[in-house]
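Biologist: I would like to learn how to read a protein model, one feature at a time. Could we look at it together and begin with the overall picture?

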Amino acid sequence: MEKLTEEHVDRRLSQALAHRASVPAEKLIAGLLATFDLTTDAADEFTYPALDSTARERIFGGQVIAQAIVAADRTVDDEKNIHSLHSYFLRAGDETKPLHFRVHRDFDGRSISNRRVVVRQDGKVIFNLTASFQKPAEGLSHQIPLPDVLPPEQCMGAMEQIARNPQVSDDDIERLSVPKPFDVRSFCPEGKSADARQYQWFKTVAPLPDDPLIHRATLAFASDMGLLSTSMIPHGIHWTTPGLFSTSLDHAMWFHDDFRADEWICYVMDSDWSGHARGLNRGSLYTQDGLLVASAVQEGMMRLLPPGD
């Protein structure tokens, strides 16, 4: 693989940054918030409309997780907030077709409510999620501290990672630098490493409304960004590796405390196992001052085809 010169990297980085900055931050956030704006069809049934066109092969999994949280929350008492979710990705979704959300009210207690959300497209189930909601309560508490990490200002931005990756062709720079509503800074070991650990800082590119549900949905959306790649680290592969097919199979989250997704969140990730074409990944999400606000676990499929197949 030909190594990129610094001059070539700088040229690619300038191109990527210019493309990423081509859409105003406020417009990107408006688009993110529109993603959470579901239409009510009937009691406990909601729809997200089809897009006119898309450059994506499939709907991003984090989007459907966030939308299912919003749908479930609409059927729960205002005083209860989501504290956990467990979900499965069953079929790839198509952004040019509407999504239908059906919420099942499985349980309502004095302090806990449970909801099950089934998402369909073309009459077929593509995703399901079970979520639990709780009234605020006081109790015993502890947390594992934020590890020793570099601050976001010293971590590599997403556009620089793309520009420096020799597996990303010059023709793909524009496609991979599509404007997004998140500022992401990452630290990942280079090459193959037995210690499957990495971390990334992220926040939205502009302020969000104060509604806590918006921040939880946004965090869930972002929690699907990069987690699966953790189990690739021991094998020295990356999402750009030729012949690699990877996709999320399931996703679980636990929300521990209040936070703002428009302020820096540190996503500390590790993987303790991979095998049978699957990889298990865990993540802890901290505020910049070290408060553990959420945890995530995801198993994903990783199939690496031999060269020539």
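Modeller: The protein has 6 helices and 13 strands, and please keep in mind from the start that this is a predicted model.

Biologist: How does the radius of gyration of the protein agree with that of a compact globule?

Modeller: A compact globule with 309 residues would have a radius of gyration near 19 Å, and because the protein has 20 Å, the two agree. Along its principal axes, the C-alpha trace spans about 60 × 45 × 45 Å.

Biologist: What share of the residues counts as buried, and how much accessible surface does the protein have?

Modeller: Of the 309 residues, 46% count as buried. The accessible surface comes to about 16200 Å², and 51% of that area belongs to carbon and sulfur atoms.

Biologist: Among contacts between residues at least 6 apart in sequence, what percentage joins residues at least 24 apart?

Modeller: In this protein, 72% of the contacts between residues at least 6 apart in sequence join residues that are at least 24 apart.

Biologist: Let us turn to empty space. What is the general idea for finding it?

Modeller: Rolling a probe the size of a water molecule over the atoms shows where empty space is left. In this structure, a search of the whole model finds 1 cavity of 30 Å³ or more, and the largest cavity has a volume of about 50 Å³.

Biologist: Which residues line the largest cavity, and how do they divide by class?

Modeller: The lining of the largest cavity consists of Y48, P49, A50, L51, I59, Q63, E95, K97 and L99. Sorted by class, that lining has 6 nonpolar, 1 polar and 2 charged residues.

Biologist: How much space lies in the second largest pocket, and which residues lie nearest its centre?

Modeller: The second largest pocket holds about 800 Å³ of space. Its lining is made up of 23 residues, and those nearest the centre of the pocket are A137, F255, H256, D257 and D258. By class, the lining of this pocket has 8 nonpolar, 10 polar and 5 charged residues.

Biologist: Which strand gives the most to the lining of the second largest pocket?

Modeller: Strand 3 gives the most, with 3 residues. Both strand 3 (81-89) and strand 13 (292-304) supply at least two residues each to the lining of that pocket.

Biologist: Where does T96 lie, and which residues does T96 touch?

Modeller: T96 lies in the loop between strand 3 and strand 4 (99-108). T96 is partly exposed, with a relative accessible area of 33%. Not counting residues up to four places away in sequence, T96 touches A50, L51, S53 and T54, and among these A50 and L51 also line the largest cavity. From C-alpha to C-alpha, T96 and D289 are 41 Å apart in space, and they are 193 residues apart in sequence.

Biologist: What can be said of S186, and where is its place?

Modeller: S186 belongs to strand 8 (residues 182-187), and with 12% relative accessibility S186 counts as buried. Apart from residues up to four places away in sequence, S186 touches C155, M156, Q161, Y199 and Q200. S186 and A158 are 28 residues apart along the chain, while their C-alpha atoms are separated by 7.1 Å.

Biologist: Finally, what is the value of phi in D44 and in A277?

Modeller: Phi of D44 is near 65 degrees, which is a positive value in a residue other than glycine. D44 sits in the loop between strand 1 (39-42) and strand 2 (45-48), and D44 is buried, with a relative accessible area of 16%. Phi of A277 is likewise near 65 degrees and positive, again in a residue other than glycine. A277 is found in the loop between strand 11 (265-275) and strand 12 (278-287), and at 32% relative accessibility A277 counts as partly exposed.

Note on methods. Residues numbered from 1 in each chain as written. Predicted model: local features only at pLDDT ≥ 70, side-chain atom pairs only at ≥ 80, totals over all residues. Heavy atoms only, no water. 1 Å grid on protein atoms, 1.4 Å probe; cavity = no way out; pocket = protein on both sides within 12 Å on 5 of 7 lines; lining within 4 Å. Points joined across faces, edges and corners; volume = space filled by probe spheres on them. Helix = DSSP H or I, 4+ residues; strand = E, 2+ residues; numbered from the N terminus. Nonpolar A, V, L, I, M, F, W, Y, C, P; charged D, E, K, R; others polar. Rg over C-alpha atoms; globule rule 2.2 N^0.38 Å. Buried < 20%, exposed > 50% of the residue type's maximum accessible area, 1.4 Å probe, protein only. Contact = heavy atoms within 4.5 Å. Areas by Shrake-Rupley, 256 points an atom, 1.4 Å probe, with all protein chains shown as cover.
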